[in-house]
Amino acid sequence: MAMFDGLKPYAWLIDIAATLVIAAGCFFAGYHVRSLSAQRDAAKLTAGLATANSMAQATARQADAQYAYITEKADHDYQALVDSTATQVSTLSDTAQRLQQRLSAAKRARAAASHSAAGGSIDGTGTDWISGFAACAASYQQLATDDARRADKINGLQLYVKGVLQVQGAR
């Protein structure tokens with residue numbers, strides 16, 4: 001003890017210094033623990049944000065894919081309607097052409113019969129009803145063709161709108 005006898009008046013300074021060192025150590029240890037905890041929390045938040053961002057991007061890609069599919073399907077359905085109408089118009093044109101040929105043949109036969117019955121002269125008995133019927137059939141064919149094309153456009157537009165509404169309803 002003789003060695004520490006001269007330090008007794010400064011013992012309170014040594015106690016204060018030791019207490020300050022221990023307090024500073026505790027403070028820095030607590031700060032370090034809080035810092036690590038904050039870093040872990042920040043890492044969790046960053047991971048959560050990345051997951052949410054990834055999910056949002058996946059949802060956006062899925063919606064874009066659905067929109068592209070619906071648009072492509074509507075275009076395909078519209079083209080199928082146009083092709084079907086073109087086939088029907090072609091069939092109608094063929095039928096109208098055959099009808100026109102029959103009407104022309106009937107007209108020639110009638111004229112020949114009328115000519116031979118009149119002794120070589122043509123009777124002037126008014127208008128030819130066969131020609132009027134043929135003109136009416138041609139007008140009806142044009143009207144039907146135009147209406148079929150308009151119907152295809154309207155149906156195609158309706159299919160497109162339904163598809164877009166389905167995609168928007170899925171969002």
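Analyst: The side chains of Asp77 and Lys73 meet in a salt bridge, with N to O at 3.0 Å. By salt bridge I mean a side-chain nitrogen of Lys or Arg within 4 Å of a carboxyl oxygen of Asp or Glu. Keep in mind that this is a predicted model, where local features need pLDDT of at least 70, side-chain atom pairs count only at pLDDT 80 or more, and totals for chains, interfaces and linings use all residues. Residues are numbered from 1 along each chain as its sequence is written, and side-chain values use heavy atoms, leaving out hydrogens and water.

User: How are Asp77 and Lys73 separated in helix 1?
Analyst: They are four residues apart in helix 1, so about one helical turn separates them. Helices here are DSSP runs (H or I, at least four residues; strands are E, at least two), numbered from the N terminus.

User: How many salt bridges does the structure hold?
Analyst: Two. Besides the Asp77 pair, Arg150 forms one with Asp147, their closest N and O atoms being 2.9 Å apart. Arg150 is partly exposed at 49%, and Asp147 is partly exposed at 38%.

User: Switching topic: what about Thr145, where is that?
Analyst: Thr145 is in helix 2, which covers residues 129-170. Thr145 is buried, with a relative accessible area of 7%.

User: And what does Thr145 touch?
Analyst: Val89 and Leu92, not counting residues up to four places away in sequence. Contact means heavy atoms within 4.5 Å.

User: How much of the chain counts as buried?
Analyst: 10% of its 171 residues. The chain has two helices and zero strands. Among contacts in the chain with a separation of 6 or more, 80% come from residues 24 or more positions apart.

User: Which residues make the nonpolar surface patch?
Analyst: Phe27, Phe28 and Tyr31 make one of about 380 Å². Phe27 is in helix 1, residues 11-117. Patches take residues with over 30% relative accessible area and no salt bridge, joining nonpolar side chains (Val, Leu, Ile, Met, Phe, Trp, Tyr) within 5 Å and like charges within 9 Å. The areas come from the Shrake-Rupley method with a 1.4 Å probe, and for residues only the protein chains shown count as cover.

Definitions and conventions:
Buried means under 20% relative accessible area, exposed over 50%, partly exposed in between (1.4 Å probe, protein chains only).
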